[in-house]
Amino acid sequence: MDVNNWVDDFFNLMDEEKMTEKQKKILLASIEVFAEKGYAASSTSEIAKKAGVAEGTIFRHYKTKKDLLMSIVAPVMAKLIAPLLIKDFQKVFKQNFQSYEEFVRALLLNRLTFIKEHLSVVKILLQEIPFHPELRQHFSETVMEQVVSRIESVIIPFQEKGEIIDLPPKSIIRFTASSIIGLLFGKFILFPESEWDEVQAIEETIQMILHGVEKK
């Protein structure tokens, strides 16, 4: 069982919703199964077995498997993951960076640490957000709108100094975020069993963000 730091916070969050012990067991089992297999490949019978309840018990609480997914992701994203994400981002934004490279390195290390500490729920988000429009909208409203404006405030001064190219800040954010998410998605979703040199992978990603693939 994955016993990350967020589990106690998760149950405290669920207590606010007046959940029964069986519901808590179902939700925790769902997190483990969804994180391991993905939503599409998971079955309610497997979740029920892991939770130690009858499959019919799940459907008494949740009409469909999609309802079960949304019962996990929506409240946890809104009340737990989003505040943690934003709070963690603040650690980066409070620093004084001498270059965009310093900022990208701090941002990447910050996200890497966050994912390691909240791996199960983050894996569900990474796996399912691309396929569920309501999750994308929820993530955009609770996290991205706040974070993007803060990153823009970091980028613009470096553009004014002529240190990074004169593209719209949102375009630079998109390129930077795509590279960082690609690294993290590969590490934790696509190739979780592969050995990797973390320091080297981080440095290669930073250099790709800064210089692309063009040979100077």
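Colleague: How much space lies in the second largest pocket?

Modeller: About 220 Å³. A pocket is an open set of points on a 1 Å grid over the protein atoms alone, where a 1.4 Å probe fits, with protein on both sides within 12 Å along at least five of seven lines. The volume is the space filled by probe spheres set on the points, which are joined across faces, edges and corners. This is a predicted model: local features need pLDDT of at least 70, side-chain atom pairs count only at pLDDT 80 or more, and totals for chains, interfaces and linings use all residues. Residues are numbered from 1 along each chain as its sequence is written, and side-chain values use heavy atoms, without hydrogens and water.

Colleague: Which residues line the second largest pocket?

Modeller: Tyr-100, Glu-163, Ile-164, Ile-165, Leu-167, Ile-172, Phe-175, Thr-176, Ile-209 and Leu-210 (an atom within 4 Å of a point). Helices H9 and H10 (198-211) each supply at least two of the lining residues; H9 has the largest share, with 3.

Colleague: And the largest pocket, how much space is in that?

Modeller: About 740 Å³. Its lining has 29 residues, with Leu-126, Phe-139, Met-144, Ala-177 and Ile-181 nearest the centre.

Colleague: How does the lining of the largest pocket split by class?

Modeller: Into 25 nonpolar, 2 polar and 2 charged residues. Ala, Val, Leu, Ile, Met, Phe, Trp, Tyr, Cys and Pro count as nonpolar, Asp, Glu, Lys and Arg as charged, the others as polar.

Colleague: New topic. At what angle do the axes of H8 and H9 cross?

Modeller: Roughly 110 degrees, and the axes of H8 (133-160) and H9 (169-190) come within 9 Å. The two helices are therefore roughly perpendicular (65 to 115 degrees).

Colleague: Which residues of H8 and H9 meet?

Modeller: From H8, Val-148, Ile-151, Glu-152, Ile-155, Ile-156 and Gln-159; from H9, Pro-169, Lys-170, Ile-172 and Ile-173 (heavy atoms within 4.5 Å). These contact residues divide into 7 nonpolar, 1 polar and 2 charged. Ile-172 also lines the second largest pocket.

Colleague: Which element has the lowest mean pLDDT?

Modeller: H1 (residues 6-15), at 58, while H10 has the highest, 91. The chain averages 80, and 83% of the residues score at least 70. pLDDT is the predictor's confidence in each residue, from 0 to 100.

Methods
Axes are lines fitted to C-alpha atoms, for helices over the stretch in contact, and angles run from 0 to 180 degrees between N-to-C directions. Helices (H or I, at least four residues) and strands (E, at least two) are DSSP runs, numbered from the N terminus. Angles under 35 degrees count as roughly parallel, over 145 as roughly antiparallel, 65 to 115 as roughly perpendicular and the rest as oblique.
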